[in-house]
Amino acid sequence: MSDPILPFAVWQSGTNQNSIPANDNALRSEILNGLVISESTDSQPGSPARGDIYIMTGSASGTQWATFDQYDLAIYDGAGTWHAYAPVEGIVVNVAGTLKRWNGTAYELVAGLGDAPSDGTGYVRKDGAWVAETAAANRYVNVALSDMTTDITTGTAKAVWFAPEDGTLASVYIGVHDPSSSGVVRVDMNDSGGSVFTTRPAIDATEATSLTGTAAVLDGTVSFVRGDKFTFDIDDAGTDAKGLQACIEYAPA
């Protein structure tokens, strides 16, 4: 197992051969400030140059490299010896012109300044660095289809929802504050092309949501743009049901 690259080695006052920790620290510093570190080869170079630096792969071979651990940072001292140091969490190294940070398990790309890296992945600025962009989480919106005290009644366009941004519907379910004492509560959701469902959500008698009744099935991919209008019909009202709401889940574009 290689020594961690940090902290640097120290020596005691009054001891001899302080060149050993001093040279060791010089190599560590050279790695951390290296202009270009390579990580694309398994084979120990036959004719390395002084100051060559590599990140060890999991299949490194060669008299010295084979003894190093994966992810070690190895530097050639120009005198026939490779020196390897284990990364510590948080260090940043220059890998083939791109800054990468060791996160404890891998070297992750974190270019600090300038343009976003161009490796085919989307990036956003976060805490002064470029980080890989992740897909936006789904969003949820509740739409009231009735008040809390009046028995719901059937009818068209009982409520309306205007899309706040571009996106795609993921799911829709409905719920009531006061369940129906008999009969189902069933709702339809419509855009300009008609119903968005092949199966409309329905709440069984004495139940609070369609999650335990008939789940909605969307009519394929239902995409929308900001400002698109959706209306809600109450097709079945049950008996004594009150406080009807629809919960819309959608994925932003």
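## Reading contacts, rings and strands

Reader: Let's start with Ser181. Leaving aside its neighbours within four places in sequence, which residues is Ser181 in contact with?

Author: Ala205, Thr239 and Asp240, once the neighbours within four places are set aside. Keep in mind that this is a predicted model.

Reader: Where is Ser181 found?

Author: Look at the loop between strand 11 (167-178) and strand 12 (185-191). Thr239 is 58 residues away along the chain, yet the C-alpha atoms of Ser181 and Thr239 are separated by 5.5 Å.

Reader: Let me try another serine. What does the side chain of Ser2 make a polar contact with?

Author: The side chain of Asp72, at 2.4 Å. Ser2 sits in the segment before helix 1 (19-32). Beyond its neighbours within four places, Ser2 is in contact with Asp69, Asp72, Ala84, Tyr85 and Ala86. With 12% relative accessibility, Ser2 counts as buried.

Reader: On to the rings. How many aromatic pairs are there in the whole structure?

Author: A search of the whole structure gives 12. One of them is Trp65 with Trp82, an edge-to-face pair whose centres are 5.3 Å apart and whose planes make an angle of 75°. The angle settles the label, because planes over 60 degrees apart count as edge-to-face.

Reader: Are Trp65 and Trp82 buried or exposed?

Author: Trp65 is buried, at 0% relative accessible area, and Trp82 also counts as buried, at 5% relative accessibility. Tyr76 pairs with Trp82 too: the ring centres are 5.2 Å apart and the planes stand at 50°, so this pair is tilted. Tyr76 counts as buried as well, with 12% relative accessibility.

Reader: Which residues form one aromatic cluster with Tyr76?

Author: Tyr54, Trp65 and Trp82, which make up one cluster together with Tyr76.

Reader: Now the strands. How many strands are there in the protein?

Author: There are 19, along with one helix. As a general idea, strands of a sheet pair through backbone hydrogen bonds, in either a parallel or an antiparallel way. Here, four strands form an open sheet with antiparallel pairing, in the order 9-19-11-17.

Reader: Which strands stand at the edges?

Author: Strand 9 (139-144) and strand 17 (223-224). Each has a single partner strand, so one side of each is left without a neighbour in the sheet. For strand 9, six bridges join it to strand 19 (residues 242-252), and the two run antiparallel.

Methods: Residues numbered from 1 in each chain as written. Predicted model: local features only at pLDDT ≥ 70, side-chain atom pairs only at ≥ 80, totals over all residues. Heavy atoms only, no water. Phe/Tyr/Trp six-rings, centres within 6.5 Å; stacked < 30°, edge-to-face > 60°. Buried < 20%, exposed > 50% of the residue type's maximum accessible area, 1.4 Å probe, protein only. Pairing = 2+ DSSP bridges. Polar contact = N/O pair within 3.5 Å; in protein donor to acceptor, adjacent residues only side chain to side chain. Contact = heavy atoms within 4.5 Å.
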